[in-house]
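Dear colleague,

Please find below the structure that I am handing over to you. My notes on it follow directly after.

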Amino acid sequence: MSFINYSDKEINFKIVYYGPGLSGKTTSLKFIHQKAKGKKSDKLHIDTGIERTLFFDFVPLFLSEVNGYKTRFHLYTVPGQVLYDDSRKLILKGVDGILFVADSLMDQMEANLKSLENLKKNLSEENLSLDKIPLVFQYNKRDLANVANYDALRNLLNPNQNPDLESIATKGEGVFEAFKELAKIVVKSQAK
């Protein structure tokens, strides 16, 4: 699914941030864009006031080289609301890796599960499955009161034990680490 530009010696990867509405997808992407070093373009962001990402955020980043090729990551977020499911499907086309941003608040567990099921359904429509796509979980909002226990989150959302990290997106804690973990897995999967 990655795109290789032989003339520019560049490998392009598509990373999609998925999760329920207001879980921290856009906040995470903003932090990555702000802190990323090197060449990057302006981020595209649409804030509707109701749903912070109507279509997507897009942040191309150069991180490293693989066999003399620059790696370029295109980061997208999907809208959290089910109302925008067609946009979610469109954004998933050609995905190389998924970072699932879960809302750690106890009252958001059902929303997390619904979003995860929606992700599986949308991938299946593209003849893909979570077993075949690099996936990292980012358990966000760990600084708030009334959050689910870390082990409970893992058991509920991540029974296959994909890499997972805790985060506080508003402070940037764990955000870049989760992205780097996924980027490493995506690049490694390309080498196969």
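The paragraphs below set out what was found, from the whole chain down to a single residue.

Please bear in mind that this is a predicted model. The chain holds five helices and seven strands, and from the N terminus these elements follow the order β-β-α-β-β-α-β-α-β-α-β-α. Of its 192 residues, 51% are buried. The accessible surface amounts to about 9700 Å², with 52% of it belonging to carbon and sulfur atoms. Among contacts with a separation of 6 or more, 69% join residues 24 or more positions apart.

Helix 5 covers residues 175-191, which is 17 residues. From its first C-alpha to its last it reaches 25 Å, close to the 24 Å expected at 1.5 Å a residue. Its buried residues are Val-175, Phe-176, Ala-178, Phe-179, Leu-182, Ala-183, Val-186 and Val-187. Viewed down the axis of helix 5, these buried residues fall within an arc of 160°, so they line one face of the helix. Lys-184, Lys-188 and Ala-191 are exposed on the other side of helix 5.

Leu-123 may also be of interest to you. This residue lies in helix 3 (residues 109-124) and is buried, its relative accessible area being 0%. Leaving aside residues up to four places away in sequence, Leu-123 touches Leu-92, Val-95, Ile-98, Leu-128, Ser-129 and Leu-130. Val-95 is 28 residues from Leu-123 in sequence, while their C-alpha atoms are 9.5 Å apart in space.

With kind regards

Conventions. Residues are numbered from 1 along each chain as its sequence is written. This is a predicted model: local features need pLDDT of at least 70, side-chain atom pairs count only at pLDDT 80 or more; totals for chains, interfaces and linings use all residues. Side-chain values use heavy atoms; hydrogens and water are left out. Helices (H or I, at least four residues) and strands (E, at least two) are DSSP runs, numbered from the N terminus. Buried means under 20% relative accessible area, exposed over 50%, partly exposed in between (1.4 Å probe, protein chains only). Contact means heavy atoms within 4.5 Å. Accessible areas come from the Shrake-Rupley method with a 1.4 Å probe; for residues, only the protein chains shown count as cover. The expected span of a helix is 1.5 Å times one less than its number of residues. The arc is that of the directions from the helix axis to the C-beta atoms.
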